[in-house]
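Welcome! Please take a moment to look over the sequence and the fold, and then we can walk through a part of it together.

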Amino acid sequence: MLSFFKGGTDTEKPANGKGKLWILLIAAALGVVLILIGGITGEETQKETQTEHRTQTEEIATYRKQLEARIKSLCESVDGVSNVTVAVTLSGGFESVYATEWKDGNEEYVILGSGSSASALYLSHSVPEVAGIGIVCRGGESTHIRNELIALLSATFRVNSNRIYIAEGKG
C-alpha cells in the first residue's frame, strides 16, 4: 500500500481502511471534475455548431429573398405583367471550394504557408441551386406571357421549365 498515509513502509496497511476511503473519495472527485470539464467542452462545441447553423440558415434566407426580389423585378419588366409575388425553393447550401491534389493515391487539400499560418487554398464559394420558382402575377393567365416568363426565368437562372410555375393573381 502507499506509505504516505502513516509515514511507514510499503508493507504497512492504513489503519481501519481509512486510506482506501481517501483514495476512493479522491478518485470520485477527479471523476466529477472530468465529467464537468467534458460537459463544458461539449456545450461550447454544441453552441458553436448551433451558431454556425443559424448563421448559414440566415445567409440562405437572405440569399433567397434577394433572388425573389430580382425575379420580381425581372418579371415586372415584362409587358403585361404586374402585382408579382415570387417564391423560390433552393437546393443545398453555400459551399466553399478548396484546391486539392493527389498524393500517394489520396486526395489532399493544397496548403499554403506553414505552422499556425497554414491554410487550404480557397478557390470559390458556390451558391445554393435554384430548385423551383413559383410566380403569381396579374397577366399570368395569358399563355403568351406565361411562356415568355418561363423562358426568361429558365434562361436567367438555369432552371428547367418544368420547375417554374406561373399563376394568375387576384384582381
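This is a predicted model: local features need pLDDT of at least 70, side-chain atom pairs count only at pLDDT 80 or more; totals for chains, interfaces and linings use all residues.

Residues are numbered from 1 along each chain as its sequence is written, and side-chain values use heavy atoms, with hydrogens and water left out.

Let us begin with the sheet. Helices (H or I, at least four residues) and strands (E, at least two) are DSSP runs, numbered from the N terminus. Two strands pair if DSSP finds at least two bridges between them. Here, three strands form an open sheet in the order S1-S8-S9, with mixed pairing. Strand S1 (82–91) and S9 stand at the edges with a single partner strand each, so one side of each is left without a neighbour in the sheet.

Now look at the two pairings. S1 and S8 run antiparallel and are joined by eight bridges; Val86, for example, has Ile135 in S8 as its bridge partner. Strand S8 (residues 129–138) and strand S9 (residues 164–168) run parallel, with five bridges joining them. Cys137 has its bridge partner, Glu168, in S9. From S8, the chain passes through helix H2 (residues 143–157) to reach S9, making a right-handed β-α-β crossover. Right-handed means that, with the strands pointing away from the viewer, the path from the first strand over the helix to the second runs clockwise.

Finally, find Glu68 in helix H1 (residues 18–76). Glu68 is buried, with a relative accessible area of 17%; buried means under 20% relative accessible area (1.4 Å probe, protein chains only). Leaving aside neighbours within four places in sequence, Glu68 is in contact (heavy atoms within 4.5 Å) with Val86, Ala87 and Val88.

Methods. Buried means under 20% relative accessible area, exposed over 50%, partly exposed in between (1.4 Å probe, protein chains only).
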